[in-house]
Amino acid sequence: MVTSPTVNSEALRRAPATGTALQARKKRPFLLDLYSTSVGKKYAMAISGIAMMGFVLFHMIGNLKMFLGAEALDHYAEFLQVLLYPILPKNVMLWILRGGLISMLLLHLHAAWSLTQLNRHARPVKYQSARDYQVAKFASRTMRWTGIIVLAYLVWHLLDFTFGTVNAVGTDGTFVRGEVYNNVVRSLDRPVVAAFYVIANILLGIHLFHGAWSIFQSLGWNNPRFNNWRRGFATGFATIIVVGNVSFPIAVIAGIVK
Amino acid sequence: MSHLKNLTLKVWRQSGPADAGRFETHEVAEISDEASFLELLDVLNEQLISENKEAVVFDHDCREGICGTCSLMINGVAHGPQRATTTCQLHMRSFKSNDTIVVEPWRAAAFPIIKDLMVDRSPFDRIIESGGYITAVTGGAPDGNLIAVPKPVSDAAMDSAQCIGCGACVAACPNGAASLFTGAKIAHLNRLPQGQPERYQRTEAMVEKMDEYFGSCTNHGECSAACPKEISVDVIALMNKDYRASKFKSRKEISRD
């Protein structure tokens with residue numbers, strides 16, 4: 001074997017084998033301990049992903065109310081404010097849910113960012129010839145991009161329908177808090193905005209197509225009895241979300257919702 | 001038997017770990033389609049030696065697909081175009097006359113290039129070491145079947161035990177992760193009764209050792225596609241599950257699994 005004194009390789013400078021798995025345990029709270037590792041961060045990705053998938057699903061189902069007319073959608077929006085009322089004061093449950101979602105989003109972002117850093121460091125010198133990927137799908141290889149674009153879309157979406165700052169730009173109306181239906185129609189009547197919503201939701205679907213499958217692996221939910229269903233679940237979930245969400249801008253542009 | 005003619009080889013040359021390295025182009029005029037890929041490199045090296053040039057350094061040992069020493073990224077695929085095959089068992093019939101073949105070493109921070117196509121894969125040894133021992137009765141050889149293992153369980157353990165530690169999973173992974181290797185080594189023992197006493201200590205230690213060197217799994221599945229032993233990504237799920245258990249389980253409760 002070719003060795004020179006300059007070879008800075010593990011084989012030459014390693015310490016003797018310990019030969020034992022019994023090491024002094026770190027005394028950190030176990031959740032922090034888990035999160036400090038790549039496997040733990042994948043758990044964080046998966047769990048926060050499930051929480052946001054739940055949100056995305058119910059958000060889409062709730063928005064289907066717009067096909068029943070302005071009253072139905074606006075009433076649904078009011079209902080969200082009085083969740084668990086009168087056990088809790090108005091808006092409290094809504095803010096608990098929002099707080100949970102915001103923390104899940106932050107957790108998802110932090111885990112994604114730190115795992116990406118880890119992965120970059122794991123291969124500082126790229127392959128100098130073209131890679132020929134065998135099975136990695138477009139969805140799995142673009143998770144970071146689809147994720148970032150969906151995040152940008154989320155910011156726009158909040159400015160559009162929650163804060164109203166960009167809702168009425170370029171239209172002759174104004175954003176009115178509580179008039180959900182009118183706000184939706186006013187915003188999505190702009191073809192460029194409608195196109196943006198369609199594209200962003202397709203990218204969300206691509207993100208979910210890989211993410212919803214990946215969850216099972218990351219959480220160690222692997223069983224020959226249901227493994228064949230995991231791909232189907234992810235495809236089905238992504239399809240339902242995309243079809244539902246894309247139907248709204250299309251319905252507005254087509255004049256079905258007006 | 002037929003022969004391939006006019007092969008162009010673009011081979012990675014790097015004089016040492018600190019060298020930047022570059023591709024070098026060489027021609028091989030003729031080779032039998034029954035030659036293995038490593039024999040192609042042998043032919044090239046004899047050519048180079050006769051021209052008074054330095055031979056290409058590459059790892060090889062058993063040349064029968066079981067030792068895990070050979071590596072090579074061939075045309076952007078770990079171990080070349082044929083599935084479930086190590087580079088030494090890849091034959092020239094997988095290529096055509098006049099082909100240009102690009103040969104590159106594994107690339108990962110944990111696998112520094114020693115020279116040309118040879119990399120140092122010893123972080124795999126560190127992972128294995130951190131797994132430590134299993135408690136087993138020593139002394140005379142135990143009777144066969146003294147410990148009953150259901151057939152599907154022993155089959156699954158043997159599937160994981162097939163891992164030869166070649167590093168193709170790391171090489172193929174877009175993230176440079178060693179989850180398939182570590183998962184295979186963990187699944188190999190964790191599935192068997194003999195592996196139970198140290199199951200969670202071992203999993204915890206091996207995963208944390210893996211983290212010191214490698215990237216993280218994003219479930220692309222490239223590792224399994226590149227694996228010469230076709231180890232399934234199921235072992236990664238088992239690793240994740242057992243790693244979580246290692247953090248949550250109380251030692252006393254382990255038997256309740």
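Begin with B:Gly132, the residue that follows helix H2 of chain B, and note that its phi is positive, near 70°. As you look at this and the later stops, keep in mind that the model is predicted.

Now step back and select helix H2 of chain B itself, residues 123–131, where the buried residues are B:Pro123, B:Phe124, B:Ile127, B:Glu129, B:Ser130 and B:Gly131.

Next, colour chain B by domain, using the assignment that gives domain 1 as residues 3–115 and domain 2 as residues 121–256. The centres of these two domains of chain B, taken over C-alpha atoms, are 30 Å apart, and their contact draws on 17 residues from domain 1 and 16 residues from domain 2. If you select the side of domain 1 of chain B that touches domain 2, you will find ten nonpolar, six polar and one charged residues there.

Then show the strands of chain B, and look for an open sheet of five strands with mixed pairing, whose order is E2-E1-E5-E3-E4. Which strands of chain B are the edge strands? They are strand E2 (22–32) and strand E4 (77–78), each of which pairs on one side only. Zoom in on strand E3 (residues 73–74) of chain B, which pairs with E4 of chain B in the antiparallel sense over two bridges; here B:Ile74 has B:Val77 in E4 as its bridge partner. To see the contact, display B:Arg199, B:Tyr200, B:Thr203, B:Glu204 and B:Val207 from H6, and B:Met239, B:Asp242, B:Tyr243, B:Ala245 and B:Ser246 from H8. Sorted by class, this contact of H6 with H8 in chain B has five nonpolar, two polar and three charged residues.

Turn now to chain A, which has ten helices and zero strands. Of the 258 residues in chain A, buried residues make up 28%. Among contacts in chain A between residues at least 6 apart in sequence, 68% join residues at least 24 apart.

Select helix H8 (residues 180–188) of chain A: is this helix largely enclosed or largely open? Eight of its nine residues are buried, so helix H8 of chain A is largely enclosed by the rest of the structure.

For the last stop, show both chains together and look where they meet, with 54 residues of chain A in contact with 59 residues of chain B. On the chain A side, the elements that give two or more residues are helices H1 (10–13), H2 (30–35), H3 (38–63), H5 (92–122), H6 (138–141) and H9 (191–218). Coloured by class, this side of chain A has 23 nonpolar, 21 polar and ten charged residues.

Note on methods:
Residues numbered from 1 in each chain as written. Chains lettered and ligands numbered in written order. Predicted model: local features only at pLDDT ≥ 70, side-chain atom pairs only at ≥ 80, totals over all residues. Contact = placed C-beta atoms within 7 Å. Helix = DSSP H or I, 4+ residues; strand = E, 2+ residues; numbered from the N terminus. Nonpolar A, V, L, I, M, F, W, Y, C, P; charged D, E, K, R; others polar. Buried ≥ 20, exposed ≤ 12 C-beta atoms within 10 Å, placed from the backbone. Domains from an automatic or database assignment. Pairing = 2+ DSSP bridges.
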